[in-house]
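Let's take a friendly walk through this protein together. Have a look at the sequence and the model first.

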Amino acid sequence: MSPALAPAVGRIVAADGLAGANWGSARDSAFQRAIGNAQRRFNRCARCTSYVCARCWSPEQGLCHNCAPDTAAEAVAAQRRGLNGMASEQDYAQGRQAGRSYDVTTPRQLVCPQCQAETHGTPFCPGCGHRLAAQVRCTSCNSPLPDAAAFRPGCGTRR
């Protein structure tokens, strides 16, 4: 730095310090006013110590809605939970009823051997159309043959 600029730089730094000292107290007082304004607009819950707006405040109880929920709203929510629970139970019972006729012994191909697509137990591959559920049938009566049977139990025809 040149010797001619040193006194000017020193004055600028000193002026910044003086401005900073005044600005700090002004900032502090503005901050205190902002806190005062916020305290008038928000309420502090005595139970959870959270600050909440007027919409989330219950003046009758002096608590926030999280600590003192609206009884009518909670009753309606409980009714909806009960309704949803009953609907779920009925759906489950209907699924159990439908499951009674589901043959769990039927072999299902869950992955296509040709394209490796998931088949979800369908008779044909949704990816390539490959026939998956080719059940062996009796040549004389066209009834399905059990997997390990050498003869058709109903008509006696050899496999």
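The notes below go from the overall layout to the core and then to a few individual residues.

## About the model

This is a predicted model, in which local features need pLDDT of at least 70 and side-chain atom pairs count only at pLDDT 80 or more, while totals for chains, interfaces and linings use all residues. Residues are numbered from 1 along each chain as its sequence is written, and side-chain values use heavy atoms, with hydrogens and water left out.

## Overall layout

The protein has 2 helices and 4 strands, arranged along the sequence as α-β-β-β-β-α. Here helices (H or I, at least four residues) and strands (E, at least two) are DSSP runs, numbered from the N terminus.

Of the 159 residues, 12% are buried; buried means under 20% relative accessible area, exposed over 50%, and partly exposed in between (1.4 Å probe, protein chains only). The accessible surface is about 12,600 Å², and carbon and sulfur atoms contribute 56% of that; these areas come from the Shrake-Rupley method with a 1.4 Å probe, and for residues only the protein chains shown count as cover. Among contacts with a separation of 6 or more, 0% join residues 24 or more positions apart, where contact means heavy atoms within 4.5 Å.

## The nonpolar core

The largest nonpolar core holds 7 residues: Cys45, Val52, Trp57, Leu63, Cys64, Cys67 and Ala68. Such a core is a set of buried Ala, Val, Leu, Ile, Met, Phe, Trp, Tyr and Cys residues joined through side-chain atoms within 4.5 Å. In soluble globular proteins, nonpolar side chains tend to be buried together.

Beyond its neighbours within four places in sequence, Cys45 contacts Ser50, Trp57, Leu63, Cys64 and Cys67. Cys56 counts as partly exposed because its relative accessibility is 33%.

## Two positive phi angles

Most residues other than glycine have a negative phi. Thr49, in the loop between strand 1 (43–44) and strand 2 (51–52), has a positive phi of about 65°; at 41% relative accessibility, Thr49 is partly exposed.

Gln116 also has a positive phi of about 65° and belongs to the segment after helix 2 (71–99). With 52% relative accessibility, Gln116 counts as exposed.

## A buried threonine

Thr119 lies in the segment after helix 2, and its 1% relative accessibility makes it buried. Not counting residues up to four places away in sequence, Thr119 touches Gln109, Leu110, Val111, Cys112, Cys125, Pro126 and Leu132.
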